[in-house]
Amino acid sequence: MSITIEQAFAMALRLQQAGQHTQAAAAYERIIAINPQFASAINNLGLLRADMGQPEAAFLLFRLALTLAPDSANAWCNVGSHWLTAGRETEAAQAYDRSVRLNPQQPVLLNRLGLLLEALKHPEDAQDAFARAEKAAPLEAEYANNHGAMLRMAGQPLKASRHFRRAIALHPQHSNAYSNFGSAVKDIGAFWDALRAFHRATRLDPNFAGAYWNESLVRLLLGDFVEGWRRYEWRWKHGHLPSPQRAFTQPRWDGSPLKGRRLLVYWEQGYGDVLQFVRYAPLIPRDAQDPPILLECQRDLAPILRSLPGVSAVATGDPLPDFDLQVPVLSLPLLFGTRLETIPSRVPYLHAEPQTVARWADRLSGLPGLKVGIVWAGSPTHGNDRNRSIGLAPFARLAAIPGVSLVSIQKGPTEGQAANPPGGFPLLNLSPDIRDFADTAAIMTTLDLVVCVDTSVAHLAGALGVPVWVLVPFMPDWRWLLDRDDSPWYPTMRLFRQMQAGDWDGVLDRLEQALRQRVDSLDPAPPQSGA
């Protein structure tokens, strides 16, 4: 008895689903020989070829299926998977997007598309994909969790926390959702709720490095240095630091006496991190016979870090002298047992080169009034840059204060703004002539005050003992702690904090008032009239 081609297709599909790839492929080939226009058979044969390790043959079959049925959501999905396997993420995202446009009820594919768009740095599109996946499958915890993660990235922590709560309700053992919930409520200032969430995440998964890391940041922010530094050591395991842990063969220093051995302290993370924590290098106990501490640092920092006493600074990429022990620079606070009351806060611990200072002092000698250096932006690659950088325009109000001369010491992608300040306010633009941190240090040494956002310049000014005012976002970096306008790390620093997220106007109001008072305090008293 003969069977129809539809029945033959159903039999081939059963063979494919049973894992009998060779028999299924043969069945599909017979169907295609009878009907070369049978797009579904061509598409399924492509899937079999992919499963059999024949990606190019599979791709040709998917493309053929699309020429016959250009509105086949399955074929577009398969093309996307081919591109993803081939490492062509952009093409994969385009194909997946085409598939879900043709068939929106594909939550698994929508979630996969969201992850791909997130990796491609398209957060708004990723958020939309996760939202559609969550709507299509409201009982799937992973989709709620991923949607929440994108909302948090978009600066909507309260909305994000609701999605994380939903994910936890759907899947009470979802350690990642607990950790994400902790990060979201931390962003809105619910620090104890955050600690409980991180603790829950690490109880569910004792090796959850990201949760330990996030818990460390909250503890440090709250001033709990004992537990904070200990958990901070998990930073190397969560995989998101801009600098990986180095694979030296020499043993890691444990804080014991050096006894003639040479110690390498190596840099990690950003410029500001290094500038803040190199203070420990000269404090490492050494006997007379011990060699200087070897400090490996970013090349831009090497000139200024060579002013550290008892330390030999080497730029990354240059040959390292022999050494016996090694330690990353941000592990030093743990080894020193640092608490709030024992922070080594003596400044300056860095010094500008006298000849460079003299050169810049000569250039600034004709500038009248209070000389104020300004920095309005940090590195755009910093994870919190959208919250900490404010642009040049808000500084116009400071330029309008009688007796104040503003000086641009901004470096990086936004320094060009200084060439044409908004509204044409007066600004001495030194940015194009600053070659490295040694120049910046020399300039700041000749200034009366530095006003900057939370970036490496703040740490450099603090390390030099220069008066510096720092604009701090509502949710501050852990090192600025909470509810204080000073810094235990830098005695010459004053903090101007946002009272609510995004409100830089209020910060600038208080800063402007403080600057006016500073100028007034420098003005000579008016002469007294005679009786």
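Which residue of S3 stands opposite Ile293? I looked this up at the start, keeping in mind that the model is predicted. The residue opposite Ile293 is Val311.

**Entry 1**

Strand S2, residues 293-297, pairs with S3 in the parallel sense, over 5 bridges.

Next I traced the whole sheet. It is open, has 4 strands and runs in the order S3-S2-S1-S4, with parallel pairing. Its edge strands are S3 (311-315) and S4 (325-328), each pairing on one side only. I noted a twist that averages 25° from one strand to the next.

**Entry 1: the seven-stranded sheet**

I moved on to the other sheet. Here 7 strands form an open sheet with mixed pairing, and I read the order as S7-S6-S5-S8-S9-S11-S10. At the edges stand S7 (428-429) and S10 (486-487); each has a single partner strand, so one side of each lacks a neighbour in the sheet.

I then picked out one pair. S5 (residues 370-375) and S6 (residues 404-408) run in the parallel sense and share 5 bridges. Within this pair, Leu370 has Val404 in S6 as its bridge partner.

Which helix packs on this sheet? I found H23, residues 504-522. H23 touches S5, S6, S8 (449-453), S9 (468-472) and S11 (490-497). The direction of H23 makes about 165° with that of S9.

**Entry 2: helix H7**

I turned to H7, residues 107-119, and checked its length.

I listed the buried residues of H7 next. They are Pro107, Leu109, Leu110, Asn111, Leu113, Gly114, Leu116 and Leu117. What covers them? I found that the cover includes four helices: H5 (73-85), H6 (89-102), H8 (123-136) and H9 (141-153).

Last, I looked past the end of the helix. Lys121 follows H7, and its phi is positive, near 65°.

Technical notes
Residues are numbered from 1 along each chain as its sequence is written. This is a predicted model: local features need pLDDT of at least 70, side-chain atom pairs count only at pLDDT 80 or more; totals for chains, interfaces and linings use all residues. Side-chain values use heavy atoms; hydrogens and water are left out. Buried means under 20% relative accessible area, exposed over 50%, partly exposed in between (1.4 Å probe, protein chains only). Helices (H or I, at least four residues) and strands (E, at least two) are DSSP runs, numbered from the N terminus. Contact means heavy atoms within 4.5 Å. Two strands pair if DSSP finds at least two bridges between them. Axes are lines fitted to C-alpha atoms, for helices over the stretch in contact, and angles run from 0 to 180 degrees between N-to-C directions.
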